[in-house]
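Subject: A structure for you to look at

Hi there,

Here is the structure I promised to send over. Have a look at it first, and then read on for what turned up in it.

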Amino acid sequence: MLKKPFRLTKARDFKLLGVKGRSVYGPFLVMRVRTVPAGEGPRVAFITSTKVFKKAVDRNRIKRRLRALMQGLLSEIPKNIHLLFIVRQEALPASHTNLTAELKRLLAKIPEALTQPPRLSPRAKKMGERKAGPPRLAYARRREAGR
């Protein structure tokens, strides 16, 4: 289990990773990486989608496995980095050694990824296309109009 100082928890940080992060793709995971101001240690988060893993048991199992592997690899992560791992369906049946090798391969590509220009994640692109305000405002306007 990752200790609290190494976990990425704030919604703002997730948004910034989607907008300013760089992606590195692998067969089991997609890694989004972003540099942060000095003084912060590395922070890591894992995302498992309900579209990919239908059962909560599967989502939680793969996240637990990856967090345990990441605990041993924290020394290999550069300081002042935020990492977001998006888990693919192929990761669930993967063996311990395959997942460890994949994480090490992705972590080794961090310096190369940071030289690339940032690209919007697919979700950030979708969010940028919205022209209306937040959904709550749209709902309030409909309610005031009597619809």
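Let's start with the whole chain. It has 147 residues, and 35% of them count as buried. Please keep in mind that this is a predicted model. The secondary structure comes to 6 helices and 4 strands.

You will find Lys15 in helix 1, which covers residues 11-20. Between Lys15 and Ala124 there are 109 residues of separation in sequence, yet their C-alpha atoms are 7.7 Å apart in space. Is Lys15 buried or exposed? Its relative accessible area is 64%, so Lys15 is exposed, given that exposed means over 50%.

Next, the aromatic rings. How many aromatic pairs does a search of the whole structure find? The search gives 1. The partners are Phe46 and Phe85: their ring centres are 5.3 Å apart and their planes are at 20 degrees, so the pair is stacked. The cut-off behind that word is that planes under 30 degrees apart count as stacked. Phe46 sits in strand 3 (residues 43-47) and Phe85 in strand 4 (residues 81-87), so to speak two distant parts of the chain, 39 residues apart, linked by the pair. In contrast to the exposed Lys15, Phe46 and Phe85 are both buried.

Finally, please look at two helices that pack against each other. In general, such a pair is described by the angle between the two axes and the distance between them. Here, helix 2 (residues 56-73) and helix 3 (residues 96-108) pack at about 55 degrees, and their axes are 10 Å apart. That angle makes helix 2 oblique to helix 3. Their crossing is right-handed. On the helix 2 side, the contact is made by Ile62, Arg65, Leu66, Leu69, Met70 and Leu73. Helix 3 contributes His96, Leu99, Thr100, Leu103, Lys104 and Leu107. Sorted by class, the contact between these helices has 8 nonpolar, 2 polar and 2 charged residues.

Best wishes

Conventions:
Residues numbered from 1 in each chain as written. Predicted model: local features only at pLDDT ≥ 70, side-chain atom pairs only at ≥ 80, totals over all residues. Heavy atoms only, no water. Axes fitted to C-alpha atoms, helices over the stretch in contact; angles between N-to-C directions. Parallel < 35°, antiparallel > 145°, perpendicular 65-115°, else oblique. Left-handed = near helix turned anticlockwise from the far one by under 90°. Contact = heavy atoms within 4.5 Å. Nonpolar A, V, L, I, M, F, W, Y, C, P; charged D, E, K, R; others polar. Phe/Tyr/Trp six-rings, centres within 6.5 Å; stacked < 30°, edge-to-face > 60°. Buried < 20%, exposed > 50% of the residue type's maximum accessible area, 1.4 Å probe, protein only.
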